[in-house]
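The structure is placed here for reference.

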Amino acid sequence: MKCYRKAHTFTASLALMLILTSGLVQANNHSDVDGYLNPVEDMRYYLEQLDRLPERLGLICWAAYEVHKEGKHDSSMTLVNACADRGLVASMLMLSNLYQNGMLSVGENARVSTLWLKRAAATGDSRGQYYYGLALLRGYGQPQNKTLGQQWIALAARQGMPEAIEAEKQWR
């Protein structure tokens, strides 16, 4: 009788392990109805999260930065644009950088880069103000306008940005 119980327990345990293992194999081989099991490879997952959880904008948009750092610049663009359109200044500055350095399949685009800097500056962010001011001073992506460039840099300096303060000192 004891032998029967041990054999029965062993058989039941073995059957349970096989059932669980086959379930894991099926789960790993199952393709998602929406078509994305690995959300980093498909930005649709994060776009949906932006709509569902707008209060987590910065955290969700960090994924775009991670994809960008992997060298997949074009793949990250959809999410970076969505984040920038929702007002995330870090994404605006990232887009400006991507266009400035020609890291996208479209190559360098100074005009678009400067437009993103202008948009970041308009939010009141000192980094956006400083970099947009520099673009105006240098005539990068638009006609040169030293007076307006100095005004934007002065706004950044009033917020305590060290680079802007130093640049403002040079004009005096």
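I looked up Tyr132 and Trp152 and found both of them buried; buried means under 20% relative accessible area, exposed over 50% and partly exposed in between, with a 1.4 Å probe and protein chains only. The model is predicted, so I note that local features need pLDDT of at least 70 and side-chain atom pairs count only at pLDDT 80 or more, while totals for chains, interfaces and linings use all residues. Residues are numbered from 1 along each chain as its sequence is written, and side-chain values use heavy atoms, with hydrogens and water left out.

**Entry: aromatic pairs**

I find 2 aromatic pairs in the structure. The criterion is that rings of Phe, Tyr and Trp (its six-membered ring) have centres within 6.5 Å; planes under 30 degrees apart count as stacked, over 60 as edge-to-face and the rest as tilted.

Tyr130 and Tyr131 make an edge-to-face pair, with 5.2 Å between centres and 65 degrees between planes. Tyr130 is buried at a relative accessible area of 11%, whereas Tyr131 is partly exposed at 36%.

Why is the pair of Tyr132 and Trp152 edge-to-face? Its ring planes stand at 75 degrees, with the centres 5.5 Å apart, so the pair receives that label. Tyr132 belongs to helix H7 (residues 126–138) and Trp152 to helix H8 (residues 146–158), so this pair ties together parts 20 residues apart in sequence. I take helices as DSSP runs (H or I, at least four residues), numbered from the N terminus.

**Entry: the loop between H7 and H8**

I located Gly139 in the loop between H7 and H8. Gly139 is partly exposed, with 28% relative accessibility.

**Entry: salt bridges**

I count 2 salt bridges in the structure, each requiring a side-chain nitrogen of Lys or Arg within 4 Å of a carboxyl oxygen of Asp or Glu.

Arg119 bridges to Asp85, with the closest N and O atoms 3.1 Å apart. Which parts does the pair tie together? Arg119 is in helix H6 (residues 110–122) and Asp85 in helix H4 (residues 73–85), so the pair links parts 34 residues apart in sequence. I list Arg119 as partly exposed, at 35% relative accessibility.

Arg127 and Asp125 form a salt bridge at 3.1 Å, N to O. Arg127 is partly exposed at 34% relative accessibility, but Asp125 is buried at 16%.

Key: Helix = DSSP H or I, 4+ residues; strand = E, 2+ residues; numbered from the N terminus.
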